[in-house]
Structures are given as structure tokens and as C-alpha cells.
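Open the structure in your viewer. Follow the selections below in order.

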Amino acid sequence: MPNKVKVQSDVYKLARAAAEYFVTLSQEMIIEKGFFSVVLSGGSTPENLYALIATDTYLPRVDWSKTYVFWGDERPVPPEDLDSNYRLASDTLLSNTQIPAENVFRIAGETPPEEAANTYEERLETFFAEKGLAEPQFDLVLLGLGSDGHTASLFPESDVLEMTDRWVAAHYVESQRSWRITMTAPLLNSGRNVMFYVSGTDKAEIVRDVLEGEPDRYPAQLIDPPNGRIIWLVDQDAAMLLTKR
Ligand code: 6PG
């Protein structure tokens, strides 16, 4: 599926475009099948997006009682830790909603990483089964992009990149000097809509290399949903080296 790249002139317009997409898709999915499932990304870029969705312009337009929230990856830390991807989304967005606790699927970063991965995978199996889905499927998968081409916690030279028999895995990431728990590429590729959300001049080179460079070089290039589409929402700074717009 070809990548669709939408360039916004600044980070505020970028957040607005992504928030509008999030809300509109949630409404469409709830009308179509009664619920909306979204995988959130971590890192720092999405903070302004989550905070914007939490404003009166967007918050009331999402039916949080029919929204299910997941994370693409997590650090090996408790939920109250500043490094926690869960805490980022909870503090900026979820704590402002009435989303039922049972709709929030947090990766238990406080438990041993491999146990956290196995437990999360079991919870996903139960969720998909309860929703009558023979195959995993998320309505929206939000992804960031690291300067080394990683996404979620699929880092270069990791064994997890070749995993096809797992949905969630734990691995030690040398470059981060830390364990990470991550959804694998096959699970991320179950997204019906995958949105890379990238901003800043520091990402311009990797955005160009991932989108216009050699294929099969970066983990982010593993993302190619067979039954979905990829949208790249980037600001002018992150898109500055792209030759094709
Ligand atoms: C994480 C994220 C990771 C992130 C990229 C970009 O846990 O860190 O899931 O994949 O999206 O590293 O991070 P920034 O948005 O901070 O540049």
C-alpha cells in the first residue's frame, strides 16, 4: 500500500490534522461496528496531540465508552514513572475522559518484561475473541519515528524485527540500555489505518531515508499493513528533505 504523506506547515496544524483524523475515524468506526480501537505511541512527539484531543474542541466528539486504548510499546517502568508511555497518554488525555478502566489496555511495565509481553499478548487474544475477530485488527495505530528508523520499540538489528509468531515481545535494546516491550510488526500491520506522526528538523533525514531511500533498511519500513493504509502526518520541518510531496 503506498504511503500517503500529508505535510502540515507547523506542529500546531499537524496536531490539529491528527486530532481531527482521530475523532472522525472514531465516529466512523463506532457507527460501522460499535467500537473504536486505537494503539497509542510513546516518546515526546505525540504529547501535544494527546493534549489537543483532550480539549473541548475534540474530547466531546469521541465516545470514550466505546473506545479501546492500547500501546504499541512500553518501557520497563511502573505507570507513574515519567518514562512510562502509559503515563504520557494518561496524564495528557485519558485522565480527562470517562473512558472505562476496562477499555484501557496498559502494558504492565512494572512486571518482568517477558512476563509483561506474554500477559499483554493474552489480553489481546481475549479482546479480539470477545470482539468476534478471528484475526487481530486495530482501527488506528499511531506510530512515531526515531532518528535511527525505529518505530514502537522495533529498533535496528533487533531479533524482534524478524518475529512472525508473536504479537508482543520483550527485548533488551543496547542503544537504549534498557529492556522494551513492543508490539511486533505483524501486529502493528493489523492496523486498518496506520499513522506515522512525525515533527521536527531532527527527523528530516530519517523521514527522507524511510520514504524515499533504499527499502528494507529501517524497522519503520516493516510497517506495511496488508489490509490497511499508512498515512504519514508530518510537519514542514520533518518533510524538508523530501523530494516527492
Ligand atoms: C517510545 C516510542 C518510540 C517513539 C520514537 C520517537 O517508546 O519511545 O514508542 O517509538 O515514537 O522513539 O520518539 P520522539 O517522539 O520522542 O522523537
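Select T184. It touches L154, V160, M163, R166, W167, V168 and A169, leaving aside residues up to four places away in sequence; contact means heavy atoms within 4.5 Å. This is a predicted model: local features need pLDDT of at least 70, side-chain atom pairs count only at pLDDT 80 or more, and totals for chains, interfaces and linings use all residues. Residues are numbered from 1 along each chain as its sequence is written, and side-chain values use heavy atoms, without hydrogens and water.

Stay on T184. It lies in the loop between β7 (178-183) and α5 (185-188). Helices (H or I, at least four residues) and strands (E, at least two) are DSSP runs, numbered from the N terminus. Is T184 buried or exposed? T184 is buried, at 0% relative accessible area; buried means under 20%, exposed over 50%, partly exposed in between (1.4 Å probe, protein chains only).

Three strands make an open, antiparallel sheet in the order β4-β7-β6; two strands pair if DSSP finds at least two bridges between them. At the edges are β4 (73-74) and β6 (168-173), each pairing on one side only. Select E74: opposite it stands I181 in β7.

Next, pick α4, residues 113-130. This helix packs on the sheet and touches β6 and β7.

Finish at α6, residues 204-212. Its buried residues are A204, I206, V207, D209, V210 and L211. Their cover includes β1 (3-8), β8 (193-198), β9 (229-235) and α7 (236-239).

Conventions. Axes fitted to C-alpha atoms, helices over the stretch in contact; angles between N-to-C directions.
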